[in-house]
Amino acid sequence: GTTEEDFGRHVIAQREWASHNPDAIHRTPLTMDDYLNSPYISTPVRVLDCDYPVDSASSVIYTTEERAHSFAKKPIFVESAAFSSVKYATFEYLDDLLDNAPEHCSKTLWERTTAKPSDLDLVGLYDGFTIIVFRWLEALGICPRGDAGRYISDGHTAVGGKLPLNTDGGACNVGQHHGANFCIESVRQLRGDESGNRQIPGAELALWTNAVGPYAGAMILAST
């Protein structure tokens, strides 16, 4: 039941988030006509559904809780983490494109915490292609399978929505950092004062993911 307009609403929302991020490459607002007039890469995926290739470098420091408290900046804590891979390492041999590593990864992630999807203040979901974001929303239990399009079109993930998604603008707008940008943006948001006009007030719990298909990772970060 997902439509191309659902894809478009996601892309438009991501660009609105990016418009508040001075580090984003693409910041010009988009309309539905802009989206629907962009060329297909492989139906139904259009150019605007694809992450943007860049030369980039990212770093994240993990250490013990004791050492973290001595740092100059506010530390953010790992509440839960999981990585999953399935028996085949390439997409061509997956038994089912809709039931693979993200499902297993999400199940393990939630088993390692008392937190629930409804507790999240924001999410950063890997967006190599728009369809991957939809897959993660459903795999994580944020919405039922088949409802991601409706969930996004209802405005829940956009600026002002109940679950801000990819608040840096996502890899389609900040560039292809292979998921590291979602960890970094989550940390900045949870510190409470590093995200400028896109800051989520009072954010305490964030979830970010990486990859899809044969392997996937996810992590929940907490401000305390």
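Which residue of strand 6 does Phe 77 stand opposite? In this predicted model, Phe 77 stands opposite Ala 222 of strand 6, and Leu 205 likewise stands opposite Ala 222. Residues are numbered from 1 along each chain as its sequence is written, and side-chain values use heavy atoms, with hydrogens and water left out. Because the model is predicted, local features need pLDDT of at least 70 and side-chain atom pairs count only at pLDDT 80 or more, while totals for chains, interfaces and linings use all residues.

**The sheet**

- Four strands form an open sheet of mixed pairing in the order 3-6-5-4, where strands (E, at least two residues) and helices (H or I, at least four residues) are DSSP runs numbered from the N terminus, and two strands pair if DSSP finds at least two bridges between them.
- Strand 3 and strand 4 stand at the edges with a single partner strand each, so one side of each has no neighbour in the sheet.
- Neighbouring strands of this sheet are turned by 15° against each other on average, direction ignored.
- Strand 3 (residues 77-85) is joined to strand 6 by eight bridges, and the two run antiparallel.
- Strand 5 and strand 6 (residues 215-222) also run antiparallel, joined by six bridges, and they form a hairpin with four residues between them, in whose turn Ala 211 has a positive phi of about 70°.
- Strand 4 (residues 122-124) pairs with strand 5 in the parallel sense over three bridges, and Val 123 has Leu 207 as its bridge partner in strand 5.

**Covering and helices**

- Five of the six residues of strand 5 (residues 205-210) are buried, a term that means under 20% relative accessible area with a 1.4 Å probe, protein chains only.
- Helix 4 (residues 101-111) lies across strand 3, strand 5 and strand 6 and runs at about 30° to strand 6, whereas helix 8 (residues 180-191) lies across strand 4, strand 5 and strand 6 and runs at about 175° to strand 5; axes are lines fitted to C-alpha atoms, for helices over the stretch in contact, and angles run from 0 to 180 degrees between N-to-C directions.

**Ser 84**

- Ser 84, in strand 3, counts as buried because its relative accessibility is 4%.
- A polar atom of the Ser 84 side chain lies 3.2 Å from the backbone nitrogen of Cys 105.
- Leaving aside neighbours within four places in sequence, the residues in contact with Ser 84 (heavy atoms within 4.5 Å) include His 104, Cys 105 and Tyr 215.

Conventions
Buried means under 20% relative accessible area, exposed over 50%, partly exposed in between (1.4 Å probe, protein chains only). A polar contact is a pair of N or O atoms within 3.5 Å; within protein, one must be able to donate a hydrogen and the other to accept it, and residues adjacent in sequence count only if both atoms are side-chain atoms.
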